[in-house]
Every structure is written in C-alpha cells, then in structure tokens.
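Dear colleague,

Please find below the structure for your files. My notes on its metal sites follow.

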Amino acid sequence: MKVIILGCATSTGVPIVGCNCPVCTSDNPKNKRTRCSLFIEKNGKNILIDSSTDLRFQALKHNITRLDVVLYTHSHADHTHGIDDLRTFNFVNNMVIPCYANLQTITNLKNNFGYIFDGVYSAGGKPQLELYVVENNFDFDGINIIPVEINHAQWMILGYRIGNVAYLTDCSGVPDESLKKLMGLELLIISALRYTEHPAHFNIEQAVEMAQKINPKLAVLTHMGHEVDYDTLLSELPDNIVPAYDGMEVELDEP
Ligand SMILES: [Zn+2]
Ligand SMILES: [Zn+2]
Ligand SMILES: [Zn+2]
C-alpha cells in the first residue's frame, strides 16, 4: 500500500499570491505547498481523497492516469474545485468515477457544480461521476473504507481510515466515537493549520496533542499555512511526528 501526499497546503496554497513573508519567499521546496489532497494505491486500486484546486498539476507531477474512486472529506473550495479535471480521467480510462461523501457534501457538490449533475449533454464534456452517500463502513472492490466523523467548526465532516492509515484534514475536533476507529494506526495524517488557534482547524499544538492521543507509529501534519516553515516545525516536533511536504510518499507493509 502506497500513500502520497499530493498537496499539504491550506486553502490559499503556499506561497500566497502577493505575500513576501519568509516562508512564501523561501527556497526550500518543502515550503511550496499545493492544495490539500491524498492519493492511496491499495490492491492495485487508485484512491483519491478530495479533488483539490491543484488536482491537474498534482496528477501530472505524479503520473497518476487512473482514478478508481474519489472520497470527499467535505465541500470547501480547496478540497473540491479540481472536480472538473476528473473528466480527463473519464476520457483516458473510459469509465465513470464513483465518488463517496456524506450527505451534506453531496448536497453541496450538486449545488456548487450543478452543471455536472444536471443530466444535460454538453459538447465540451463534463465529468462523469456517480455520487454515493457514505453512512457506514463500506467495501470498495475488496477495500474496506471506514468513514471517521470529525468536527470542522460547526460541520461534521469525514476523515477516512483505510487499512492502518487514517486521513483527518480540516479537523477541529475528534468525537469519542471516532477516536475508537483510530486505534492501532501505522500512519495518521492530520491537519495542523498554523501556530495560533483557529475556530475551524487544529493548530499545531492541538494536532500534536490529538496525534499523541491516537498514538500511531507515524503522524504527519498537513493543511499548513504560510506561518509554518518546514525545517523549523520539523525541529520542534516529537520523534514520531513530522510535517508533510508535497510529494511525500509512505510505503506500508500491507497489500
Ligand atoms: Zn481545507
Ligand atoms: Zn506568506
Ligand atoms: Zn474546510
């Protein structure tokens, strides 16, 4: 099983257009962050979590030419606005892509991208997507996918556990029921926006505290803003917690 962090930025991306701060002007490639999404290859299936604004660029960079399924965490722009680029995968593989999300996200996707789901033929072509509401654990082609409800300000959004990997982005809280689903992880990817607090996102201190509570073998912090310098944060974190960088790959010892 292979996991690639395609993007690890908050909604603005890093660098931010017009910003001259030390991180935005840094030469360190690990401070160049595209919008947040995750790629998982398991049992020969390619799983994308969120179609970020930067999906096309990320797919080209990693030579991803097929997506078997897309899992959505929530409907915020940075996690969904690459949705139109899913049509390229339809063309290349001649297949409709199943997309899974909670009911709120599906409702918002249909409202925000009405042209995709209105059933009207368009000469330019539209993404061919089938939407499925996630309520419980489900099986996708032999892969057990466990939705994990987490708080994102007032919203309940979804994280996902697949095998011994869990992805919790845009997280501002983890209910007790969800914590039970996160025991025994090899890899936890969890969002950590910046040093100061934010109503909708864990800051670094809160993400580290949650990671230590969940206690995976390795925790990776993602969805970071331009307040976060990669090398500085790396030097501040405990041994089994590291900041993400775009293109970070983790191979796991499961099929
Ligand atoms: Zn986000
Ligand atoms: Zn900046
Ligand atoms: Zn969000």
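Buried means under 20% relative accessible area, exposed over 50%, and partly exposed in between (1.4 Å probe, protein chains only). By this scale His76 is partly exposed, because its relative accessibility is 30%, whereas His152, at 3%, is buried.

This is a predicted model, in which local features need pLDDT of at least 70 and side-chain atom pairs count only at pLDDT 80 or more, while totals for chains, interfaces and linings use all residues. Residues are numbered from 1 along each chain as its sequence is written, chains are lettered from A and ligands numbered from 1 in the order in which they are written, and side-chain values use heavy atoms, with hydrogens and water left out.

His76 (ND1) and His152 (NE2) both coordinate the zinc ion (ligand 3), together with His74 (NE2) and Asp170 (OD), at 2.2 to 2.3 Å. Donors are N, O and S atoms within 2.8 Å of the metal (3.2 Å for Na, K and Ca); water is not among the atoms, so sites may look incomplete. Asp170 also coordinates the zinc ion (ligand 1), which lies 3.6 Å from ligand 3.

The zinc ion (ligand 2) is held by Cys19 (SG), Cys21 (SG), Cys24 (SG) and His226 (ND1), at 2.0 to 2.3 Å. The spacing of these donor residues in sequence is C-x1-C-x2-C-x201-H. Cys21 is buried because its relative accessibility is 17%, while His226, at 22%, is partly exposed.

With kind regards
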